[in-house]
Amino acid sequence: MGFALRWLIAFALLAATFNPTRWNYVNWARDTYTDQLPLVVLAGLILLVFYVVYLRATLRSIGGFGMTMVLAITAAGLWVLHDYGLLTLRDTSQMVWLALAALSLVLGIGLSWSHVRRRLSGQSDMDDVSD
């Protein structure tokens, strides 16, 4: 349940920032920044804090190579689904939703990887602390 929740929060974060509908931060900020600039900046900074938390945890747990591998495996899986005719990629909004799902998968795995590693190896990850 922990991974699913982390993945869902990552997906919500990405979808809140941008999605193919008109209900997202990018469209809202573009439409209302002249009238509500302080609110646009505040909402943008809040989103940025969540991105920093997710990206920092992901980079520390699986690194850039791990992020690339998760994206590559996800892309290969989508390719297989497309090759077998189970997925059509003609609709651009569908492709945006698939990209959001793939990116949220990377962030969800990145945030969950330390928990998985601890269960598999019995060792906890620690930050390097100097005396």
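1. The largest nonpolar core in this predicted model has 9 residues, namely Ala10, Leu13, Leu14, Ala15, Leu47, Tyr51, Tyr54, Leu100 and Leu107. Such a core is a set of buried Ala, Val, Leu, Ile, Met, Phe, Trp, Tyr and Cys residues joined through side-chain atoms within 4.5 Å, where buried means under 20% relative accessible area, exposed over 50%, and partly exposed in between, with a 1.4 Å probe and protein chains only. At least two of its residues come from each of α1 (2–17), α3 (37–61) and α5 (92–121), and α1 gives the largest share, 4 residues. Helices here are DSSP runs of H or I with at least four residues, numbered from the N terminus.

2. On conventions, residues are numbered from 1 along each chain as its sequence is written, and side-chain values use heavy atoms, with hydrogens and water left out. Because the model is predicted, local features need pLDDT of at least 70 and side-chain atom pairs count only at pLDDT 80 or more, whereas totals for chains, interfaces and linings use all residues.

3. Leaving aside neighbours within four places in sequence, Leu14 is in contact (heavy atoms within 4.5 Å) with Tyr51, Leu100, Leu103, Ser104 and Leu107. A second, separate core has 5 residues, among them Ile62, Val70, Leu105 and Val106.

4. Ile62, from that second core, lies in the loop between α3 and α4 and is buried, with a relative accessible area of 18%. Not counting residues up to four places away in sequence, Ile62 touches Met67, Val70, Val106, Gly110 and Trp113. Between Ile62 and Leu8 there are 54 residues of separation in sequence and 19 Å in space, C-alpha to C-alpha.

5. Thr58, in helix α3, counts as buried because its relative accessibility is 0%. Beyond residues up to four places away in sequence, Thr58 touches Gly63, Met67, Val106, Leu107, Gly110 and Leu111.

6. Helix α4 (residues 63–83) has 21 residues, which at 1.5 Å a residue should span 30 Å, and the end C-alpha atoms are 30 Å apart, in agreement; the expected span is taken as 1.5 Å times one less than the number of residues. Gly63, Gly66, Met67, Val70 and Thr74 are buried in α4. Because they cover an arc of only 105° around the axis, they sit on the same side of α4, the arc being that of the directions from the helix axis to the C-beta atoms. Phe65, Trp79 and Asp83 are exposed on the other side. Gly85, with a positive phi near 80°, follows α4.

7. The structure holds 3 aromatic pairs. In one of them, Phe3 and Trp7 have ring centres 5.7 Å apart and planes at 35°, so the pair is tilted; rings of Phe, Tyr and Trp (its six-membered ring) pair if their centres lie within 6.5 Å, with planes under 30 degrees apart counted as stacked, over 60 as edge-to-face and the rest as tilted. Phe3 and Trp7 are 4 residues apart in helix α1, so about one helical turn separates them. Phe3 is partly exposed at 32% relative accessible area, and Trp7 is partly exposed at 33%.
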